[in-house]
Each structure stands twice: as structure tokens, then as C-alpha cells.
Amino acid sequence: MRFVIVTGMSGAGKSSALKMLEDVGYFCVDNLPVALLDKFAEMLLDKTAKIENAALGIDIRNGEGIGELEQKLKEIKEAGIKYEILYLNASNRILLKRYKETRRNHPLSRDGRVEDGIAKEREIMKFLQEKADYVIDTSQLLTKELKEEINHIFVEGEEGERFQIAVVSFGFKYGIPADVDLVFDVRFLPNPYYDLELRPLTGNDKAIQDFVMEHQESVEFLEKLDDMMEFLIPNYIKEGKYNLVIGIGCTGGKHRSVTITNKLAEKLKRLPYSVKVEHRDIMR
């Protein structure tokens, strides 16, 4: 039996994820009070309940009860009840856009601005993101793509195949992404920014890719990085890790980092893992 705790940022798609799990046969409960978590977990062990797989939605709507969650998770683990945490995330910009489109109030901003509520929630939920077995960033995902991710992790994949890799390009001038596990600096590579014809383009354009990859140091770096990932990932899986965020940074996050991110993702897709690409600063 698989027991999945679905959590994350409000507006990131938790309700949709629960519905998708329900569609594939999971017994789903949303917004259960944290105080009842241990009782719910005990029920799953009762053979008379005949529950094969279960998913439980817990988020900031629990109010102050969310502060008790870490202790409750520790207790049910000590009781021998295995669980997995699925954390749904999205960028602040996308969350704000979704709230404006739906005209709903954020749970933590009933008397203030939505931006403030999102910031407070992100800080409160940080410990859950760090504990999560799977993190899905829905910022650029269509509903269909989210469903494919859910199915890949909780329905189709074997343990190794459920491993998630996110390769993220970024600009150091805008800061390192908070959730990256590994950071690689490609500012040593020749910079197309200084070519006035290439400057307006991005690493998604062939002209930039050709410029970056025509240099031997770029080719060698990519090969060594690929070899390192092929070594590291099976060892991460062995230690119980289920997701890996690789950050590739250059100065502005538009040319070199985007190119290397795309090239690395292409190589990693030959492996039996889920690989996603994100270009955080490409439009800045």
C-alpha cells in the first residue's frame, strides 16, 4: 500500500493532484486536521478497511495545526507507517496570477495583500518541501502534463523510474534558486552577450547553442557533467532520494546556462527517469 501526503503551496495544484490520484484508485481525503493524522494512518493498517492506496491533502488551511505536522509525521514513522510526501510548488509570479484570475483570497491574506500571504506560506511550508520525496513545479505545466507526472510517479514507474530530475537555468545576478541540490557555474564559458547580433537571442536559439558548443571547454564540461550525473543518481536513489534539482548558472541566465541546461537534459533523457527543464531567468 502507498500512503501519499499531498501538500505544497496554495494555488499550485494540490486539489487537481488529489483528483488525479482518486481517478487511479487512491482513497483520497482533503484538508484533514493534523491532529487526526495518526488516527487516519492507523486506519490504513486495518485490513478490514480494505484500502489499497491512500492520499491525504494537508496544507496551510490547517492554520496553527500545521506547526504540529512535523511531530505527527515523526510519530507515525516510528509506528512503522510508511508515507511519501508529494509537494506541489509554483513561482510567486504564477501563484499571484492564478489568484487574480480566480479572484480568491489567499488563506493567509484575508486582511492584506495576496503577495504577503504567499510569502508567509512559503516560509511556513519550507520544512515540508525539504522533507518531500517528490516536488513538482507546476508553474509551466498544463493539466495534462501534471497528470502525466502523477501517473509516472504513483502508477506506472518502478522505484528508479519514479526519480525526478529538474534541470534549472538561472542568472547569478538574480540569486541562486532556493531549492537546488547541485549548482554548476558556467560563467567560465565564452559569452555570446558580447556579440551584438547574438545578444537579443537566448540559449533556446540555434545560433546561441552553436556559439556556446563550438568551444571545446563547453563540450568537455557537458561530458563530465553527464558522467557525474550517471554516477550520482543511482546512489541518490539507493539512499532514498526521489528528486534532484540541478542548477546551471551564468551571469544573466539567458545564454550559456540555458544552452547547457538544454543539452544536459537531452543527455539525461536517455536514462529511465523523469526529466524536466526550467529556464528561470530567460525572459529578464
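## The second largest pocket

About 590 Å³ of space lies in the second largest pocket, where a pocket is an open set of points on a 1 Å grid over the protein atoms alone, fitting a 1.4 Å probe and having protein on both sides within 12 Å along at least five of seven lines. Its volume is the space filled by probe spheres set on the points. The model is predicted, so local features need pLDDT of at least 70 and side-chain atom pairs count only at pLDDT 80 or more, while totals for chains, interfaces and linings use all residues. Residues are numbered from 1 along each chain as its sequence is written, and side-chain values use heavy atoms, with hydrogens and water left out.

The lining of this second largest pocket (residues with an atom within 4 Å of a point) has 22 residues, and those nearest its centre are Ser10, Gly11, Ala12, Gly13 and Arg104. Two or more lining residues come from each of α1 (14–23), α4 and α7, helices being DSSP runs of H or I with at least four residues, and strands runs of E with at least two. The largest share, 4 residues, belongs to α1.

## The largest pocket

The largest pocket has a volume of about 1600 Å³. It is lined by 46 residues, of which Asn89, Ser91, Asp137, Asp179 and Glu278 are the closest to its centre. Elements that give two or more residues to this lining include α5 (114–124), β5 (134–137) and β9 (274–279).

By class, the lining of the largest pocket has 17 nonpolar, 11 polar and 18 charged residues; here Ala, Val, Leu, Ile, Met, Phe, Trp, Tyr, Cys and Pro count as nonpolar, Asp, Glu, Lys and Arg as charged, and the others, Gly among them, as polar.

The axes of α8 (residues 206–213) and α10 (residues 256–268) come within 9 Å and cross at roughly 85 degrees, axes being lines fitted to C-alpha atoms, for helices over the stretch in contact, with angles from 0 to 180 degrees between N-to-C directions. That makes α8 roughly perpendicular to α10, a term for angles of 65 to 115 degrees. The contact (heavy atoms within 4.5 Å) includes Ile208 and Val212 of α8 and Thr259 and Ile260 of α10.

Conventions: Angles under 35 degrees count as roughly parallel, over 145 as roughly antiparallel, 65 to 115 as roughly perpendicular and the rest as oblique.
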